[in-house]
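Thanks for coming. I will talk about the inside of one protein chain, so please keep the structure open while I speak.

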Amino acid sequence: MILTKQYRCVHSASCQCTKGHLSEDVIFLVFQHLNWNPKLIAALSCVCKWFDDLSKQVLWKEFCKTRAPKMMLDLQSSGSHSVDGNWRALGKLLIFCSGCRQGSLFNNVQVPGHFVNKTRFSRTSGKSFLMPQCINDVLYVSDPCEHIGQSEEGDLGFFRGIFKSFASSNVRRMLINRGAQLHQTEICPYCKAKLWSMLQANMIPQTASCRLGSYEDYTEYYVCLNGHLLGVCTLLPLSDSEDVSEE
C-alpha cells in the first residue's frame, strides 16, 4: 500500500523538522519494515502536528490491522473506513490495560495501568456481556488481565472491549431510552469520551460473570460514547484441584 493523500505540515515554534521531512511513502515503508512498532509510532507522533496526523490516520490503522486482522476486518465490514473513536485510541485499547486510580471509576480500587504483550479479543465472549434485547450487537471483549493480590477486594481482573458501529447499536439505544447518565468527571482512558455505567443502567447480565469467572456481585463495566468498553471484576479463587494442576 502506497499513500496517495498528502498532509500539510503545521509546525510549532519548537518543531524539529523545519527543513522538511520524509515523504509519506518513505515513512510508511519504514514502519512497515518495523512491523508497526507502537512505541516508535507514539514517539513519531510527538515530533510535530504533521507526524501526529500521519500517525493517527495511517500508522495506527496499519498497526491495528496487523495486530488483530480478523477483528479489524469485521469492524470495518459495515462499509465505514474509520473506527469509532479513531485508530490511535483503538491501538491503545489493544495493548494497554487501563487499571484504575483510587476514587475514580471503580470505588477504592487502585491498580496502575500497564502495557500488555498479547491479548485475545473474542466476539463470542462479547455476547455474554449483552442483554437479551441487544444480542444482535457486535462486541469484542478481551480476556481479563489478572492482578493478583493487589486489592483488598481480592484478585482482580480488568477487561476491555469495543463495539462495532456503536452509534447505531441496540446498547446505545437502550442506554438512552433508560435515561442513563454520563459519568460527571471520569472519561474513557482510550479516547477521552464520556462514559456510561452499565451497572447503574442495570444492563449487566449474569452471563458476564460466568464468562469472566468472577463473583456476580462484583462485575462492573463502562461504555464510552465511541463504544469502548472497560471493566473490572473480582475473580473466583482457584479450587484446590486447579492449584495442584497448575503446579
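Which residues does Ser98 touch, not counting residues up to four places away in sequence? They are Gly113, Pro189, Tyr190 and Leu230. Keep in mind that this is a predicted model.

To find Ser98, look in the loop between β1 (96-97) and β2 (114-115). Is Ser98 buried or exposed? Its relative accessible area is 19%, and the cut-off for buried is under 20%, so Ser98 counts as buried.

A search of the whole structure turns up one cavity of 30 Å³ or more, and the largest cavity holds about 50 Å³ of space. The largest share, three residues, is from β6. By type, the lining has six nonpolar residues, three polar and one charged.

In soluble globular proteins, nonpolar side chains tend to be buried together. Here the largest core has 50 residues, and Phe106 and Phe158 have the most contacts inside it. Helix α3 (residues 49-67) supplies the largest share of this core, eight residues. Domain 1 (24-77) and domain 2 (101-235) each contribute at least three residues to the core.

What does Phe158 contact, leaving aside neighbours within four places in sequence? Among its contacts are Cys97, Gly99, Phe106, Pro144 and Val232.

Finally, there is a second, separate core of 23 residues, including Met131 and Leu235.

Notes
Residues are numbered from 1 along each chain as its sequence is written. This is a predicted model: local features need pLDDT of at least 70, side-chain atom pairs count only at pLDDT 80 or more; totals for chains, interfaces and linings use all residues. Side-chain values use heavy atoms; hydrogens and water are left out. A nonpolar core is a set of buried Ala, Val, Leu, Ile, Met, Phe, Trp, Tyr and Cys residues joined through side-chain atoms within 4.5 Å. Buried means under 20% relative accessible area, exposed over 50%, partly exposed in between (1.4 Å probe, protein chains only). Helices (H or I, at least four residues) and strands (E, at least two) are DSSP runs, numbered from the N terminus. Domain bounds come from an automatic or database domain assignment. Contact means heavy atoms within 4.5 Å. On a 1 Å grid over the protein atoms alone, a cavity is a set of points where a 1.4 Å probe fits but cannot get out, and a pocket is an open set with protein on both sides within 12 Å along at least five of seven lines; lining residues have an atom within 4 Å of a point. Grid points are joined across faces, edges and corners, and a volume is the space filled by probe spheres set on the points. Ala, Val, Leu, Ile, Met, Phe, Trp, Tyr, Cys and Pro count as nonpolar, Asp, Glu, Lys and Arg as charged, and the others, Gly among them, as polar.
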